[in-house]
Amino acid sequence: MYKGMLHTHYLVVTLFLLIYLIKTILLLSNKIETLNSFTKKIKIPEMVISFLFLATGIFLATQLPFGSKYDYLFFIKVAMVLVSIPIAIIGFKKQNKLLAALSLLLITGSFGLAEVYHKRKGVSANGNTTIASNDGKALYEAKCGLCHGGDGKLAAAGAKDLSVTQNSLEEIKATIINGKNTMPAADVTPEEADAIANYVVSTIKSK
Ligand code: HEC
């Protein structure tokens, strides 16, 4: 559901930007007649696309885990989109080049901001984490912290205290990849498992 919405959102945002780009280029190059006939032709699809843009955007916003210090980026993005709409309407109605260009700039800018926001939060556009595969600490916190805690001592849901584990590096790596009894296998690449195991042995275990 979430991924489907996300893909739809990206698709309609891309179409929306494309329509805008074409209109702005036509306006800036004084092709007013072409602009008018294009605007007429695209009217219904544009309405559908705008509606889907907002509907999927609102749905996705309700699914976001707020509370990160980067959330202000999200609100700036929404504000930029909302401000650009009336500017665009006035710009194209009055065929004011400056306003039309400004609204396109705002919309594209908000798109870029959305990317920055996702990168900072460690989530890429497709919902996967974008932690570097050699960043053992961040991977540990994302994949293991829930049960073992940041310092390894949490032992939630029957997990073991990792700060006192007798397991070797190889055993820890195997546990990460295969799971162990009630511990589920982690969804990581071998390289990531390596980084996490090294982090556990070098930092968590010696604490
Ligand atoms: C859903 C909770 C959960 C998550 C997430 C989880 N573990 Fe575990 N872990 C457990 C449980 C439960 C055990 C005890 C398994 C058993 O019965 O031996 C365990 C045991 C271990 C052990 C064996 C410790 C020992 O001394 O026997 C290691 C090592 C370990 N986990 C590392 C990790 C690492 C590294 C991650 C992250 C990739 C991770 N775990 C993620 C629940 C979890």
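Let's start with Met183. At 28% relative accessibility, Met183 counts as partly exposed. Keep in mind that this is a predicted model.

Why start there? Met183 is one of the protein donors of the ligand's iron atom. Where do they sit in the chain? His148 is in helix α6, residues 145–148. Met183 is in the loop between α7 (169–178) and α8 (190–204). So the pair ties together parts that are 35 residues apart in sequence.

Is His148 buried or exposed? His148 counts as buried, because its relative accessibility is 9%, and the cut-off for buried is under 20%. An N or O atom in the His148 side chain is also 2.7 Å from a nitrogen atom of the ligand.

On to the ligand's surroundings. There are 21 residues around it. The closest are Cys144, Cys147, His148, Thr165 and Met183. Thr165 puts a polar side-chain atom 2.6 Å from a ligand oxygen. For Lys160, a polar side-chain atom lies 3.1 Å from an oxygen atom of the ligand.

Last stop, another lysine: Lys23. Lys23 is in helix α1, residues 2–28. Its relative accessibility is 7%, so Lys23 counts as buried. What does its side chain make a polar contact with? The partner is the side chain of Glu46, at 3.1 Å. Leaving out residues up to four places away in sequence, Lys23 also touches others, including Leu35, Phe38, Ile42 and Phe92.

Notes. Residues numbered from 1 in each chain as written. Predicted model: local features only at pLDDT ≥ 70, side-chain atom pairs only at ≥ 80, totals over all residues. Heavy atoms only, no water. Donors = N, O, S within 2.8 Å, 3.2 Å for Na, K, Ca; no water. Helix = DSSP H or I, 4+ residues; strand = E, 2+ residues; numbered from the N terminus. Buried < 20%, exposed > 50% of the residue type's maximum accessible area, 1.4 Å probe, protein only. Polar contact = N/O pair within 3.5 Å; in protein donor to acceptor, adjacent residues only side chain to side chain. Contact = heavy atoms within 4.5 Å. Near = heavy atom within 4 Å.
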